[in-house]
Amino acid sequence: MFVLFLNGMRFLLSIFLFLALSLNAFTQNKLDSTLKKLNAESIPYISLNETAHKDSVLYLDTRKKQEYEVSHLQNAIWVGYEMFDAHKVQVEIPNKNAEIVVYCSIGVRSEDIGEKLVKLGYTNVKNLYGGIFEWKNKGYPVYDDQGKETEKVHAFDTYWGEFLQKGEKVYNED
């Protein structure tokens, strides 16, 4: 009887693992296809593995201010998207050769801001592949507006929120 119970538990665990891995693969394929559809790859991507442990990188958050306040990468500088101020960026980051990684929710808005940075003369700009959602999905920490680690991530809306698999999704209106 106990052996049947253990076999049943193994079977259920196998099904659970299969479904979890399938969902992850589906989400990754959806991310890949969405980015291919919406981005021109005019700003080269940088993977989480390439950038997550670098100390010299300047992370620029290109989301709305309220998204940034919910959570952002540690020490990220908010530059916004609609409120992007080229002069402010040039004052804050005078070194045009600085290693800059732009990010947003998944990497669409950040490509646009990356293009603006290149037009301003910045020479080392990369786009974080999968944005803050992928950062959180891979288990890297995010921080709130008080500088404390948080599980909350602004998911923008329910469509884009599908790409966020880990953490607590936050939605709010402007």
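Helices (H or I, at least four residues) and strands (E, at least two) are DSSP runs, numbered from the N terminus. This is a predicted model, in which local features need pLDDT of at least 70, side-chain atom pairs count only at pLDDT 80 or more, and totals for chains, interfaces and linings use all residues. Residues are numbered from 1 along each chain as its sequence is written, and side-chain values use heavy atoms, with hydrogens and water left out.

**View 1. Val70 in helix α3.** Val70 is found in helix α3, residues 65-70. Val70 counts as buried, at 17% relative accessibility. Buried means under 20% relative accessible area, exposed over 50%, and partly exposed in between (1.4 Å probe, protein chains only). Val70 touches Tyr143, Asp144, Thr150, Lys152, Val153, His154 and Val170, with residues up to four places away in sequence not counted. Contact here means heavy atoms within 4.5 Å. From C-alpha to C-alpha, Val70 and Tyr143 are 7.8 Å apart in space and 73 residues apart in sequence.

**View 2. The whole protein chain, for orientation.** The protein chain holds seven helices and nine strands. It has 174 residues, and 41% of them count as buried. Among contacts with a separation of 6 or more, 67% come from residues 24 or more positions apart.

**View 3. Val57 in a loop.** Val57 lies between α2 (48-51) and β2 (58-61), in the loop. Its relative accessibility is 9%, so Val57 counts as buried. Not counting residues up to four places away in sequence, Val57 touches Thr51, Glu99 and Val101. Val57 and Ile100 are 43 residues apart in sequence, and their C-alpha atoms are 5.8 Å apart in space.

**View 4. The Tyr45 and Tyr129 ring pair.** A search of the whole structure finds six aromatic pairs. The rings of Tyr45 and Tyr129 have centres 4.9 Å apart and planes at 85 degrees, so this pair is edge-to-face. The pair links distant parts of the chain, 84 residues apart. Tyr45 is in strand β1 (residues 45-46), while Tyr129 is in the loop between β5 (125-128) and α6 (131-137). Tyr45 counts as partly exposed at 21% relative accessibility. Tyr129 also counts as partly exposed, at 22%. Rings of Phe, Tyr and Trp (its six-membered ring) pair if their centres lie within 6.5 Å; planes under 30 degrees apart count as stacked, over 60 as edge-to-face and the rest as tilted.

**View 5. An aromatic cluster and two charges over rings.** Tyr59, Trp135 and Tyr140 form one aromatic cluster. The charged end of Lys30 sits over the ring of Phe163, 5.3 Å from the ring centre. Lys96 has its charged end over the ring of Tyr122, 4.5 Å from the centre. A charge sits over a ring if NZ of Lys or CZ of Arg is within 6 Å of the ring centre and within 35 degrees of the ring normal.

View 6. Thr34 is found in helix α1, residues 2-38. Thr34 counts as buried, at 7% relative accessibility. Leaving out residues up to four places away in sequence, Thr34 touches Ile106, Tyr159, Trp160 and Phe163. Asn137 is found in helix α6. Asn137 is buried too, with a relative accessible area of 12%. Beyond neighbours within four places in sequence, Asn137 is in contact with Phe163, Leu164, Gln165 and Lys166.

**View 7. Two residues with positive phi.** Asn75 is not a glycine, yet its phi is positive, near 65 degrees. Asn75 lies in the loop between α3 and β3 (77-78). With a relative accessible area of 70%, Asn75 is exposed. Phe156 has a positive phi of about 65 degrees, although it is not a glycine. Phe156 is found in the loop between β8 (152-154) and α7 (158-161). Phe156 counts as partly exposed, at 30% relative accessibility.
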